[in-house]
Amino acid sequence: MFRSSLVLGATLLGAALVLGPSPLLAHGGQYRGPRDIVPPGGGGNPPGTPGVPTPPGGPSGPNVPGAPTTGVPPGGGVTPGVSTPGTGPSSGGMDITESYNDWSFWWGFNKDRFLDLKGKLASIGVTTNSDDFELGLLGNKASDKIGIDRGTVQRVVFPLLRAVLEDEKRTADELSSALVALAKLGVEEEQSVELISKHLAAKNQEVSETAAVSLGILARAEALPVLTALLRDEPAARRRVGRHEVPLRTRAFAAYGLGLIGYAAPGEGSQALLARIEEELLTAFRREGEASDDLRVAALSGLSLLPLPADRVPALIASALLPMLQDERTNGLDVVRAHTATTLARWTRRLGAEHSSTRAAAASCIALLQQKKQKALLAQSLALALGVIEANRGDHAEAAVKALVAYGEDGRDQQARYFSAIALGQIGGNAALQHLRKTLAKGKNHERSWAALSLGVRAFEDRASEIGSSDGSAAAEVLAALRKDRDPSLRGAYAISLGLMRYEPAREALEKDLLEANVDSQKGNAGIGLGLMGAQTSRGLIQQELGKSKRRPEQLQSLAISLGLLGDQSVVDLLIATMKEARTTSVHAALAQALGFIGDQRSLAPLAEMVTADELTAEARAFALVALGIACDKERLPWNAKIAENANYRATVSTLTGSALGVLDIL
């Protein structure tokens, strides 16, 4: 599947930009972290070795994913990447062995709900009527309104994607991209189920497994029998995929697909559907004889998405989740236990803060986190889980705050200490905020960046829950840190935090970074901060810097997104004009993705032209297909944001994330 993440701030356009000239990896994917460091574990490496991105495949033959692997514990050696020429120092002397812990990984996996780009664009524009636009008749009929009409999607985009999927000459990257894009459209569902299902039989494993998860993205109940058979490895499913057994990766992707169908299940009439999906996923989770952590983690993630009835959740927590979470055995269950904590947190959030099962879950997480020799992966997930379970409870979550503060000060695992900081911001309250502000003032480099980001998260949550803004003192302290610290990574965290806080007095300092920074990620983060802040007076400066970024794809895309956050409709014209002049695949990729996220009607014609342009590389055409899927997505947030939010990406298996092979690596 054409797997690639939106570059925002310190995230990459592609891990291959670190490794070499090609902008793509197998599946077209990448990771979501600092550009000078490879992703944390997973991705087909033997257990116990650090993760190294898979080398890029050629246009006609991308690398086929290998067998699933178990998660890789943190703390091992790290293979540094090769700095991209012209970007300048990107870590300010930061210890390479600690850089897996950089804040930008967390931001990369959790940013979507904070950016809510489509929501912001919808709030300043009106979706056009279908009469205003038809592909091939762009000219003066192009609308200058943000938004894409569903009639246009059905009449124009769907046939284009269908033609790609029926074209035997298309590469695996193009087919995978078209499968995901088609699933995102949400039109002509019956035809879409049929088109996607046919590609389960693809000889290329990448395409076959993409078809499985695409059925889930489409979220139609008609796909339930197919996905269930795949998950079970039934004879009919083996015949469908044309193999002696259904590959474990395909089965894992089917489990994610089932969870996605359940997540979208409508109302009370869906209880029978949800019960069936729950039974299938729970059975897969409990298969202790399975050799693959991938399957159990996928089943847990799928279960966490299900809107189960409130009277059903407590029984499942007591019978399945808490026993696994509290299992002290050391026979390779670390990764599974870590994701059990995530599922537990998501289910208790639906029950409410005062439910007895919620309180039992919180007590269990606190007790386990307080164990002095707690394993790293589980400690990380426990910290994140407490942030979800106790979210917005402030001073009413005293025990959780004490446990998180204590771990943040003396805990054994560095990543878990940083996750504790994020959890404190999610919980809020006087004690939590005082600790974060103390860390911002006196902590070490990484600690300060996480504390600043967490303070920004708290301000965002207060505004979302209509609690109101603070007195601005914490924001002033973050601004003071920005003016003091020179490290580009720290300054990026401060910029994002100030943007989340919407702290207008910081506008001038962020504009200074925007204009003067010589590190792409720093300049991009400054732009994103201004966009989050709603700094309308900065639009001209951002446009100016965007115009200078034609050969700097990471910077270009971040600045385009920042203009989108500000509702600048002229950004589409700028991107289209730049696309016509682009000569490299990496820049085409950045432009195509940016156009997809901005979602203007005018972006459809140039993207469609790219899809059918024989003179372009297959990778460039695949990126255009990705962009069409993003632009025409039926959902407000990316489909995998619900899986990524508050998940422990350090407890990775290859089908979750790592080396561009997992569901979280797919646009």
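This is a predicted model: local features need pLDDT of at least 70, side-chain atom pairs count only at pLDDT 80 or more; totals for chains, interfaces and linings use all residues.
Contact here means heavy atoms within 4.5 Å. Helix H28 (residues 585–598) and helix H30 (residues 618–631) have axes that come within 7 Å and cross at roughly 10°. That angle makes H28 roughly parallel to H30. On the H28 side, the meeting residues are Thr-585, His-588, Ala-589, Ala-592, Gln-593, Gly-596 and Phe-597. Their partners in H30 are Glu-619, Ala-620, Phe-623, Ala-624, Ala-627, Ile-630 and Ala-631. An α-helix has 3.6 residues a turn, so residues three or four places apart point the same way.

Stepping back to the whole chain, the model contains 31 helices and zero strands. Of the 667 residues, 65% are buried. Among contacts between residues at least 6 apart in sequence, 73% join residues at least 24 apart. The largest nonpolar core comprises 209 residues, and Trp-106, Trp-107 and Leu-230 have the most contacts inside it. Helix H16 (residues 376–389) gives the most to this core, contributing ten residues. For Leu-230, contacts beyond four places in sequence are made with Leu-200, Ala-212, Ala-237, Val-241, Val-246, Thr-250, Arg-251 and Ala-254.

Helix H5 (residues 172–185) packs on helix H6 (residues 189–198) at an angle of about 160°, the two axes lying 10 Å apart. H5 is therefore roughly antiparallel to H6, and the crossing of H5 and H6 is left-handed. Leu-179, Leu-182 and Ala-183 of H5 make the contact with Ser-192, Leu-195 and Ile-196 of H6.

Not counting residues up to four places away in sequence, Phe-114 touches Trp-106, Trp-107, Lys-120, Val-457, Phe-460, Leu-500 and Leu-532. Phe-114 and Glu-461 are 347 residues apart in sequence, yet their C-alpha atoms are 9.5 Å apart in space.

The last element considered is helix H24 (residues 520–533). Its 14 residues reach 20 Å from the first C-alpha to the last, close to the 20 Å expected at 1.5 Å a residue. Because 14 of the 14 residues of H24 are buried, the helix is largely enclosed by the rest of the structure. Following H24 comes Gly-534, with a positive phi near 75°.

Lys-523 belongs to helix H24. Is this lysine buried or exposed? Residues under 20% relative accessible area are classed as buried, so Lys-523, at 6% relative accessibility, counts as buried. Beyond its neighbours within four places in sequence, Lys-523 is in contact with Asp-513, Leu-514, Leu-515, Glu-516, Ala-517, Glu-545, Gln-555 and Leu-559.

Notes. Residues are numbered from 1 along each chain as its sequence is written. Side-chain values use heavy atoms; hydrogens and water are left out. Helices (H or I, at least four residues) and strands (E, at least two) are DSSP runs, numbered from the N terminus. The expected span of a helix is 1.5 Å times one less than its number of residues. Buried means under 20% relative accessible area, exposed over 50%, partly exposed in between (1.4 Å probe, protein chains only). A nonpolar core is a set of buried Ala, Val, Leu, Ile, Met, Phe, Trp, Tyr and Cys residues joined through side-chain atoms within 4.5 Å. Axes are lines fitted to C-alpha atoms, for helices over the stretch in contact, and angles run from 0 to 180 degrees between N-to-C directions. Angles under 35 degrees count as roughly parallel, over 145 as roughly antiparallel, 65 to 115 as roughly perpendicular and the rest as oblique. A crossing is left-handed if the near helix is turned anticlockwise from the far one by less than a right angle, and right-handed if clockwise.
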